[in-house]
Amino acid sequence: MDKDSKQWAMFIHLSVFAGYVVPMAGLVLPIVLWQMKKNDLPETDAHGKMVVNFLISFLIYGVVATVLSFVLIGIPLLIALGIAAIVYPIIGAIKANEGTLWSYPLVLHILK
């Protein structure tokens, strides 16, 4: 992987954090960056798919944990999801900067 590919792959992983600044940006920005660079830098395509799979999976897990919070089981799950939502993109970005694709744990591989 060349320097540009590594850098853009890292940006795709870190763009998830845009949602903490602007609502919904953490869902939209990674997809936009991925779509912009997947043809120019083919190595970023796998990273984009991994991040989108992460977003979809954690959205599903969040809905399930929210429903389960009415019976108190979901509260620890929401806390664990919150921690994972911070840690996983950071690890993914570090690995992308090293030139490797890190498969996020517990992610449903919807896009292949």
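Colleague: How far apart are the mean positions of the positive and negative charges of the chain?
Modeller: In this predicted model, the mean positions of the 7 positive and 6 negative charges are 6 Å apart.

Colleague: What makes up the fold, read along the sequence?
Modeller: The pattern is α-α-α-α, with four helices and zero strands in the chain.

Colleague: How do you know whether the radius of gyration agrees with that of a compact globule?
Modeller: We set one value against the other. For 112 residues, the rule for a compact globule gives a radius near 13 Å, and the chain has 14 Å, so the two agree. Along the principal axes, the C-alpha atoms fill a box of roughly 50 × 25 × 25 Å.

Colleague: What share of the residues of the chain counts as buried?
Modeller: Of the 112 residues, 37% are buried. As for the surface, the chain exposes about 6,400 Å², and 73% of that area is supplied by carbon and sulfur atoms.

Colleague: Why is Asn-53 called buried?
Modeller: Asn-53 has a relative accessibility of 1%, and the cut-off for buried is under 20%, so Asn-53 qualifies. Asn-53 lies in helix H3, residues 43-68. Leaving aside neighbours within four places in sequence, Asn-53 is in contact with Val-107, Leu-108, His-109, Ile-110 and Leu-111.

Colleague: And Thr-44, why does that residue count as buried?
Modeller: Thr-44 has 0% relative accessibility, so Thr-44 counts as buried, given a limit of under 20%. Thr-44 has its place in helix H3. Not counting residues up to four places away in sequence, its contacts include Trp-8, Ile-12 and Trp-34.

Colleague: What makes a group of residues a nonpolar core, and which residues have the most contacts inside the largest one?
Modeller: The members must be buried, of a listed nonpolar kind, and joined through side-chain atoms within 4.5 Å. The largest core here has 18 residues, and those with the most contacts inside it are Val-51, Phe-54, Phe-58, Tyr-88 and Tyr-104. Helices H2 (25-37), H3 and H4 (74-98) each give two or more residues to this core. The largest share, seven residues, comes from H3. In soluble globular proteins, nonpolar side chains tend to be buried together.

Colleague: What does Tyr-104 touch, not counting residues up to four places away in sequence?
Modeller: Tyr-104 touches His-13, Met-50, Val-51, Phe-54, Tyr-88, Pro-89 and Gly-92.

Colleague: How far apart are Phe-17 and Ala-85, in sequence and in space?
Modeller: They are 68 residues apart in sequence, and 9.0 Å apart in space from C-alpha to C-alpha. Phe-17 lies in the loop between helix H1 (3-14) and H2. Ala-85 is one of its contacts.

Colleague: Are Met-24 and Leu-72 buried or exposed?
Modeller: The cut-off for exposed is over 50%. Met-24 has a relative accessible area of 54%, so Met-24 is exposed. Leu-72, at 61%, is therefore exposed as well.

Definitions and conventions
Residues are numbered from 1 along each chain as its sequence is written. This is a predicted model: local features need pLDDT of at least 70, side-chain atom pairs count only at pLDDT 80 or more; totals for chains, interfaces and linings use all residues. Side-chain values use heavy atoms; hydrogens and water are left out. The radius of gyration is taken over C-alpha atoms; the globule rule is 2.2 Å times the number of residues to the power 0.38. Buried means under 20% relative accessible area, exposed over 50%, partly exposed in between (1.4 Å probe, protein chains only). Accessible areas come from the Shrake-Rupley method with a 1.4 Å probe; for residues, only the protein chains shown count as cover. Lys and Arg count as positive and Asp and Glu as negative; His and the chain ends are not counted. The place of a charge is taken as NZ of Lys, CZ of Arg, CG of Asp or CD of Glu. Contact means heavy atoms within 4.5 Å.
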